[in-house]
Amino acid sequence: MSPMTNSFHVLLVDDERDIRDVLQVALSDSGYTVSLAENGQQALALFRESSPPIVITDIKMPVMDGIELLQRIKRENPETEVIMITGHGDMDLAIKSLKYKAGDFITKPINVDALDITLQRTRERIVMRRKLQEYTTHLEALVREKSQLQDHLSSLGLMIGSISHGIKGLLTGLDGGIYLLGKGLKTGDEVQMEEGWQTVRLMAERIRKMVMDILFYAKKRDLQWEKVDLRHFVEEIGRIMENRLKDTGIMYVREFGGPWVDCTIDPGSVHIALINLFDNAIDACQRQTDRSDHRITFGVKSDATHITFTISDTGTGMDAETQDKLFTLFFSSKGRKGTGLGLYITQKIISQHGGTITVASTPGRGSRFTLVLPRSAADLEKAGA
Ligand SMILES: Nc1ncnc2c1ncn2[C@@H]1O[C@H](COP(=O)(O)OP(=O)(O)OP(=O)(O)O)[C@@H](O)[C@H]1O
Ligand SMILES: [Mg+2]
């Protein structure tokens with residue numbers, strides 16, 4: 001037999017001691033590591049202990065024969081190569097073992113050279129299979145990487161397109177404001193100055209929001225958990241909302257139900273989420289021009305485990321199709337006034353907190369967004385929930 005460099009473990013099963021002895025010597029000389037068993041049952045126990053890649057087994061044996069051993073081994077590890085030793089007149093059994101996926105046959109009396117060739121073929125099959133598995137795994141990883149890269153690229157492309165479009169619109173607005181301001185300053189027209197100044201401020205605020213959104217989207221941030229006094233937190237946001245609604249003709253209504261508790265959240269992110277909803281509510285009211293008595297309601301309540309925020313408006317509302325696409329990245333119905341990042345980011349923040357966001361809306365009547373956050377989302381995160 002020809003010696004090999006890589007040692008393979010072979011389990012040899014035969015009830016005839018002479019055969020075991022002779023083959024053990026021949027196989028060991030060729031560099032195989034050999035285990036011996038004298039029937040199927042013993043072989044199965046050894047197989048379970050050391051999972052040899054090659055099993056050579058006699059067909060006819062007491063206790064458990066070679067066919068049953070073959071079936072059991074294939075059931076436990078279909079990759080194992082099983083070579084059957086057949087005697088004269090074992091044709092039926094040989095055919096049967098083919099059915100159970102025996103890898104090869106050698107006939108008694110065993111010729112050592114023939115066994116060598118059979119084992120060489122078997123080893124080649126094992127090596128090929130291993131290589132194939134490696135390639136497949138490698139290929140799968142490559143395909144995964146490629147599609148991730150494609151996703152990133154196309155979302156980056158979409159983002160750049162959408163953002164350039166949005167920024168162009170805002171810069172046009174800014175130019176308009178600067179023009180009015182300049183003209184007002186030249187002529188001393190205070191109304192024009194004021195109008196120009198307000199436009200500049202509004203555009204600067206929108207550009208700031210857009211840039212903040214982009215930064216938030218571009219960089220995955222870990223949340224900064226803080227113990228927060230809920231009352232203090234919502235009163236501050238409420239004040240911002242109230243100020244923003246001054247001069248818009250939209251009424252600010254607060255429905256703070258308490259009870260006032262402490263909660264553990266990332267206040268900066270939840271602030272962004274609520275203000276995004278609030279901005280949308282303002283837009284929705286301003287776009288619904290057939291009524292003038294618009295209202296935005298900011299609601300907060302809590303129980304032992306959760307905090308519920310609601311932001312309701314009397315604006316345009318949404319049809320079913322818009323509601324379906326609402327949280328999709330870059331979905332916006334506002335043309336150059338919107339990037340479609342707001343709700344995408346809001347939803348991300350809420351799900352990072354282990355919370356939920358739901359919407360109820362009627363076209364022409366208004367919408368209500370409800371955020372439910374665990375009171376202590378940081379604990380959930382620690383627990384791996
Ligand atoms: N309160 C609301 N009432 C009516 N439509 C809404 C409301 N909130 C969101 N929408 C719809 O969902 C779309 C997506 O909202 P989202 O906040 O993600 O983007 P946007 O407001 O268009 O742009 P921005 O990125 O500047 O927030 C909006 O364009 C609008 O069509
Ligand atoms: Mg928005």
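This is a predicted model: local features need pLDDT of at least 70, side-chain atom pairs count only at pLDDT 80 or more; totals for chains, interfaces and linings use all residues.
One open sheet has five strands and parallel pairing, while another open sheet of five strands has mixed pairing.

**The parallel sheet**

- Its strands run in the order β2-β1-β3-β4-β5.
- β2 (33-37) and β5 sit at the edges, where each pairs on one side only.
- From one strand to the next, the twist averages 20 degrees.
- β1 (residues 9-13) pairs with β2 in the parallel sense, over five bridges. To put side chains on that pairing, look at L12, whose bridge partner in β2 is L36.
- α3 packs on this sheet and touches β1, β3 and β4 (81-86). The direction of α3 makes about 160 degrees with that of β3.

**The mixed sheet**

- Here the order is β7-β9-β10-β12-β11.
- β7 (251-258) and β11 (356-362) each have a single partner strand, so one side of each is left without a neighbour in the sheet.
- The twist in this sheet averages 10 degrees from one strand to the next.
- β7 pairs with β9 (residues 295-302) in the parallel sense, with seven bridges between them. Within that pairing, R254 stands opposite F298 in β9.

**How α8 meets α10**

- The two helix axes come within 9 Å and cross at roughly 145 degrees. The crossing is left-handed.
- On the α8 side, the contact takes in S269, V270, I272, A273, N276, L277, D279 and N280. These meet G342, L343, I345, T346, I349 and I350 in α10.
- By type, the residues of this contact divide into eight nonpolar, five polar and one charged.
- If the spacing along a helix looks patterned, remember that an α-helix has 3.6 residues a turn, so residues three or four places apart point the same way.

**Around ligand 1**

- Ligand 1 is surrounded by 23 residues, and the closest are N280, A284, S332, G338 and G342.
- N280 and G342 turn up in the contact between α8 and α10 as well.
- α8 gives the most to the shell, with four residues.
- The shell divides into eight nonpolar, twelve polar and three charged residues.

**Backbone details worth a look**

- Most residues other than glycine have a negative phi, and most peptide bonds are trans.
- V63 has a positive phi of about 70 degrees although it is not a glycine. You'll find V63 in the loop between β3 (54-58) and α3 (66-76).
- K108 and P109 are joined by a cis peptide bond, with omega at about -5 degrees. P109 lies in the loop that runs between β5 (104-107) and α5 (112-187).
- α1 (residues 17-29) has 13 residues and spans 18 Å from its first C-alpha to its last, close to the 18 Å expected at 1.5 Å a residue.
- Just after α1 comes G31, which takes a positive phi of about 100 degrees.

Notes
Residues are numbered from 1 along each chain as its sequence is written. Chains are lettered from A and ligands numbered from 1 in the order in which they are written. Two strands pair if DSSP finds at least two bridges between them. Axes are lines fitted to C-alpha atoms, for helices over the stretch in contact, and angles run from 0 to 180 degrees between N-to-C directions. A residue is near a molecule or strand if its C-beta atom, placed from the backbone, lies within 6 Å of it. Ala, Val, Leu, Ile, Met, Phe, Trp, Tyr, Cys and Pro count as nonpolar, Asp, Glu, Lys and Arg as charged, and the others, Gly among them, as polar. The expected span of a helix is 1.5 Å times one less than its number of residues. A crossing is left-handed if the near helix is turned anticlockwise from the far one by less than a right angle, and right-handed if clockwise. Two residues are in contact if their C-beta atoms, placed from the backbone, lie within 7 Å.
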